[in-house]
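Work through the following exercises with the structure open beside you. Each task is followed by a solution in steps.

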Amino acid sequence: MLETTALSGHHAGSTKQKRINQRMTIETDNEQRTGQWEDALTLVALHQDKAAYAELFSYFAPRLRAFGIKMFGNEQQAMEMVQDAMLNVWRKARLFDASRGCASTWIFTIARNVRFDMLRKKQSRKDDISADDLWFDGDYPEQESNNSDNWDTILMSEKLAPHFDGLPPAQRMVMQKVYLEEKSHQEVSDELAIPLGTVKSRIRLALDRLREALDDTRS
Amino acid sequence: MTHAVKFHPGLMLLEQYVEGSLSADVALAVSAHIDLCPHCQQQSKDITNDQASSLAEQQVNSRDAEQEWQQMLDFITSQPAISADTGTSIKVKSQVASVSVNGKTFEIPRALARLAEQRNKWLHLGGIATAKLPTADKQHVSLLYIDKGTEVPNHTHLGLEMTLVLAGKIVDENGEYGVGDLLINSPDDTHTPRTLADEDCLCLSVLSAPLKFNKGLTRLLNPLQQFFY
């Protein structure tokens, strides 16, 4: 049974692997590399560096637009959101703090908040719940990942195999590389071209999700 | 004496909260819960990283809207950046806030600080008091204070009810809830929440529809349900 788990995991991986390889070659053309966007934001913050900003813009604006279209369901509002969010990135670059998270997270939360407030303004008056109430723009005390170690054994049990396949693809990919291919977090980060923090986040989320799935089966 | 939070929002609710797709009133209860719960702080941080990276990883056709992009870029970079001074003043945030009711003062989470300052007057009925928070019309978000040894009459929810314990303790047929615990009751759930003899309770209450009281004389309360809604 243990073998089946490993095998099915491996199989799912090999097709995925090709896709990732493809994507990575595409991304290398753009020199997409962890750390690039944080550096660019620092240049914008220090010198209002237009070239560095233009790079950030050409990468993130189309991706925010796709997010906006998904959330609003129309392009006009999506573009309004992109402009407002990217203007905030330009104007507030000096508030970015790389020690608290990576550039993509910062930009995503700005867009999310802009979108939320756009919706609220449409619906109502000023005495209302705002993005600033909902999302704390600061750090919460880091709660160190508690017991991922105990999970190694449970992860191997056959009970978990079906749930493993139910993980969101991005989380399953990271789990597979760490637990089945035994790669370090840093190696996975390099391989998938995602920030190290995201690798750790995806592992924790996958473990939480597996735990939830197991609890549901029990009850 | 810190209370270990036992009742959390599920992952799906947290994901929608992070994405910004929850309705504002429900998101407010989730946000206040997160302020009180280190576990969910970590989880929502992780979900934020996950969603942000997914956004950054997307493949897009960069040819789309090419001309608009150039115009937008020119417009943005012609705008002044905020100066260092404004930068720091924007960051000033969140002192601890509190509310007073029944002669007592309670600390409340950061997410509720601004809205609680603008709350309506406390309305009292028996050992129970409510104060509505100013939110958009369709939402019913209020602070709910229950004095010690008080029972809220048995009721059914016509809509979704979320109750977040901010201070003290409350019990119902299903269990005991302390600070940070988030109770979610769906339509048709029936319960009789009450406080213990020696401890009162302050909650945040979010209702998507009025309550319906079920038993005997308390049915007379139904016309008064605006009090709870």
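This is a predicted model: local features need pLDDT of at least 70, side-chain atom pairs count only at pLDDT 80 or more; totals for chains, interfaces and linings use all residues.

**Exercise 1. Describe the make-up of chain A and of chain B.**

Solution. 
Step 1. Take chain A: there are 11 helices and zero strands, so the pattern read along the sequence is α-α-α-α-α-α-α-α-α-α-α.
Step 2. Take chain B: six helices and 13 strands are found there.
Step 3. Consider burial: 35% of the 219 residues of chain A count as buried, while in chain B the share is 40% of 229 residues.
Step 4. Consider contacts between residues at least 6 apart in sequence. In chain A, 61% of these join residues at least 24 apart; in chain B, 65% do.

**Exercise 2. Which residues have the most contacts inside the largest nonpolar core, and where does this core lie?**

Solution. 
Step 1. The largest nonpolar core has 64 residues, and those with the most contacts inside it are B:Leu28, B:Ala29, B:Leu164, B:Cys203 and B:Leu204.
Step 2. Find the main contributor: helix α2 of chain B (residues 24-36) gives the largest share, nine residues.
Step 3. Locate the core relative to the domains of chain A. Domain 1 (2-29 + 145-218) and domain 2 (36-134) of chain A both give residues to this core, so it lies between them.
Step 4. Note the other core: a second, separate one of 37 residues includes A:Leu56, A:Leu64, A:Phe67 and A:Cys102.
Step 5. Apart from neighbours within four places in sequence, B:Leu204 is in contact with B:Ala29, B:Ala32, B:Leu112, B:Leu143, B:Leu164 and B:Leu166.

**Exercise 3. How many residues does each chain give to the contact between chain A and chain B, and which elements of chain A take part?**

Solution. 
Step 1. Chain A gives 54 residues and chain B gives 54 residues.
Step 2. In chain A, the elements with two or more residues on this side are α3 (50-72), α4 (75-91), α5 (103-123), α6 (131-134) and α11 (196-218). The largest share, 11 residues, comes from α3(A).
Step 3. Sort this side of chain A by residue type: 25 are nonpolar, 13 polar and 16 charged.

**Exercise 4. What are the angle and axis distance between α4(A) and α4(B)?**

Solution. 
Step 1. Two packed helices are described by the angle between their axes and the distance between the axes.
Step 2. α4(A) packs against α4(B), residues 66-77, at an angle of about 35°, and the axes are 10 Å apart. The crossing of α4(A) and α4(B) is right-handed.
Step 3. Name the residues that meet: A:Met79, A:Gln83, A:Met86, A:Leu87 and A:Trp90 from α4(A), with B:Glu68, B:Met72, B:Ile76 and B:Thr77 from α4(B).
Step 4. Sort the residues of this helix contact: six are nonpolar, two polar and one charged.

How values were computed: Residues are numbered from 1 along each chain as its sequence is written. Chains are lettered from A and ligands numbered from 1 in the order in which they are written. Two residues are in contact if their C-beta atoms, placed from the backbone, lie within 7 Å. Helices (H or I, at least four residues) and strands (E, at least two) are DSSP runs, numbered from the N terminus. Ala, Val, Leu, Ile, Met, Phe, Trp, Tyr, Cys and Pro count as nonpolar, Asp, Glu, Lys and Arg as charged, and the others, Gly among them, as polar. Axes are lines fitted to C-alpha atoms, for helices over the stretch in contact, and angles run from 0 to 180 degrees between N-to-C directions. A crossing is left-handed if the near helix is turned anticlockwise from the far one by less than a right angle, and right-handed if clockwise. A nonpolar core is a set of buried Ala, Val, Leu, Ile, Met, Phe, Trp, Tyr and Cys residues joined through C-beta atoms within 7 Å. A residue is buried if 20 or more other C-beta atoms lie within 10 Å of its own, exposed if 12 or fewer, and partly exposed in between; C-beta atoms are placed from the backbone. Domain bounds come from an automatic or database domain assignment.
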